[in-house]
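Let's take a walk through this protein together. Have a look at the sequence and the fold first, and then we'll go piece by piece.

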Amino acid sequence: SMLKAKKFDMSRVSILYPAINLNEYRPCTDRVGLSNDFVYASSNTVWKGVGDIIRAMYLLKKKQADFKVIMFSPKYSKKLSWASNAGFGKMINEYNLSVNHKVINELRFDVGEVMARSRAVIAPFRSMLGTVDIPLSLLEGMAVGVPVIGSSIGGIPEIVEHGKNGLLEPSSAPEKISDAMF
């Protein structure tokens, strides 16, 4: 839609959609008694809203103590200066969230299964840098049939229809993310 608005010749444009292996990302057929887990699957960086997730967790814990945010984040993101200097570990400790937070820094083949058994997949990005316009994790969450919570920026509103297949919240708004998680 952005290209059309800029009057690009759409006959010269090819759209390559991200491929999701539907053998690994299948809906859970029995959603009764599922966990109160939320899943974040991306690098552990400020611009992808990790600090906002932690603040939202703090606010959510005041309303509901029984939940967990599972963060699948590649090992390399720990070495990035904008991640390591952000103080996410310190925030988790200060907010007393260690029992509500789990980071998995390895490539695992059960991400789709964990997503399918979760309450929602979250991606509260603050900005869209580089080639990331639609978080793959939101598409994976939709593929497994769980609600998604994303920011109303970039291409996210093109895939998330607020109130239908997920919730769109303003970026940098932990209180709104917390409300969406509740």
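"Buried" here means under 20% relative accessible area, with exposed over 50% and partly exposed in between (1.4 Å probe, protein chains only). As a general point, side chains in a regular strand alternate between the two faces of the sheet.

Before going on, a word on where this comes from: this is a predicted model, where local features need pLDDT of at least 70, side-chain atom pairs count only at pLDDT 80 or more, and totals for chains, interfaces and linings use all residues. Residues are numbered from 1 along each chain as its sequence is written, and side-chain values use heavy atoms, with hydrogens and water left out.

## The overall layout

Along the sequence they follow the pattern α-β-α-β-α-α-β-α-β-α-β-α-β-α. Of the 182 residues in the protein chain, 42% are buried.

## Strands on both sides of E4

E4 has partners to talk about. Strand E1 (residues 37-41) pairs with E4 in the parallel sense over two bridges, and strands count as paired if DSSP finds at least two bridges between them. Phe38 has Ala120 in E4 as its bridge partner.

Strand E5 (residues 148-151) also pairs with E4 in the parallel sense, over three bridges. Here the bridge partner of Val121 is Val148 in E5.

## Two nonpolar cores

The largest nonpolar core has 26 residues, and Val39, Phe72, Met115, Val121, Leu138, Val144 and Val160 have the most contacts inside it. Such a core is a set of buried Ala, Val, Leu, Ile, Met, Phe, Trp, Tyr and Cys residues joined through side-chain atoms within 4.5 Å. Helix H5 (111-116) gives this core its largest share, four residues. A second, separate core has 21 residues, including Val50, Ile53, Phe88 and Met181.

What does Met115 touch, leaving out residues up to four places away in sequence? Its contacts are Tyr25, Val39, Ala41, Val121, Ser137, Glu140, Gly141, Val144 and Val146.

## An aromatic pair and a buried serine

The structure holds two aromatic pairs. One of them, Trp47 with Phe125, is edge-to-face, at 5.9 Å centre to centre and 75° between the planes. Rings of Phe, Tyr and Trp (its six-membered ring) pair if their centres lie within 6.5 Å; planes under 30 degrees apart are stacked, over 60 edge-to-face and the rest tilted. Trp47 sits in the loop between E1 and helix H2 (50-63) and Phe125 in the loop between E4 and H6, so the pair ties together parts 78 residues apart in sequence. Trp47 counts as buried because its relative accessibility is 16%, and Phe125 does too, at 1%.

Phe125 also meets Ser151, which lies in strand E5: the Ser151 side chain reaches the backbone oxygen of Phe125 at 2.6 Å. The backbone oxygen of Pro124 is reached by the Ser151 side chain at 3.4 Å. Ser151 is buried, with a relative accessible area of 1%.

How values were computed: Contact means heavy atoms within 4.5 Å. A polar contact is a pair of N or O atoms within 3.5 Å; within protein, one must be able to donate a hydrogen and the other to accept it, and residues adjacent in sequence count only if both atoms are side-chain atoms.
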